[in-house]
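Subject: Structure handover

Hi,

Here is the structure for you to look through. My notes on what was found follow below it.

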Amino acid sequence: MKKSEIQDTENISAMSAPGEAAKPAAESVFELALRARNERAARPVARVVRAPSRIRPTTRIKGWFRTHEAVYGPIFIFDPKDEGSFSEDPVFVMPDLADELRAEGTQFLNAIREVMGYLTYTEGGALYLVLVPLPDPTTGRRHPVNEQKIEALEAARHQWKRLDWNKDQRQYDDLTAPDKTDEPEWPEDVSEVAILTRAFGERNVIKDRDDPLIAKFRGEA
């Protein structure tokens, strides 16, 4: 049988018999892949929303910075000085508990302080909540170093500032960058709840007298 005759025979055999439904041709692997791709593209996409990065609370300012218009506080923080390593960052203390602990004696008066917080943006794009003690309730005065820090924070709302510690004069060298004009990228939500939540979270909060940091500070742990 000639080759053309063989092909005609195959074509005839592939044809459906009278009254029989035609069989659909099988999809190629590429047709299957493209159809699957189109089906996936049509599905609704559930995007993962990343939680905002933490704003670090600190009592120090390093490098060039700008300050947001808002001021946060007053709040209480636990930040013992020269008492060993208790926490890398200041810890938020519930107000009623702060009053109760400070009434115990001088050790807590020095370790728990009432502060105001200034949201700052550094040259590298990091956000900090800079904490500055309130004036002394008896004299109404702040330490001169803290006064200098507040003046710089206030001025940094409109210009880039920097405070370098001068060991010899025991004060800051207050610097301004007049040619630096780029603007900070502030968070969308700068409410007090949002900023304190990002700065302290749920873990860095002392809620009761049984907190491990308080027990350690008393020498009980």
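First, a definition: buried means under 20% relative accessible area, exposed means over 50%, and partly exposed lies in between (1.4 Å probe, protein chains only). At 38% relative accessibility, D182 counts as partly exposed. D182 also forms a salt bridge with K180, with the closest N and O atoms 3.5 Å apart. A salt bridge here is a side-chain nitrogen of Lys or Arg within 4 Å of a carboxyl oxygen of Asp or Glu.

Some background. This is a predicted model: local features need pLDDT of at least 70, side-chain atom pairs count only at pLDDT 80 or more, and totals for chains, interfaces and linings use all residues. Residues are numbered from 1 along each chain as its sequence is written, and side-chain values use heavy atoms, leaving out hydrogens and water.

The chain has seven helices and eight strands. These are DSSP runs, numbered from the N terminus: helices are H or I with at least four residues, strands are E with at least two. Of the 221 residues, 33% are buried.

Back to salt bridges. The whole structure holds 16. One of them joins R113 and D79, with N and O 3.0 Å apart. R113 sits in strand 4 (residues 112–122), and D79 in the loop between strand 2 (65–78) and strand 3 (91–93), 34 residues apart. D79 is buried, at 10% relative accessibility.

R218 and E104 also pair up, at 2.9 Å from N to O. They are 114 residues apart in the chain. R218 is partly exposed at 24%, and E104 is partly exposed at 38%.

Best wishes
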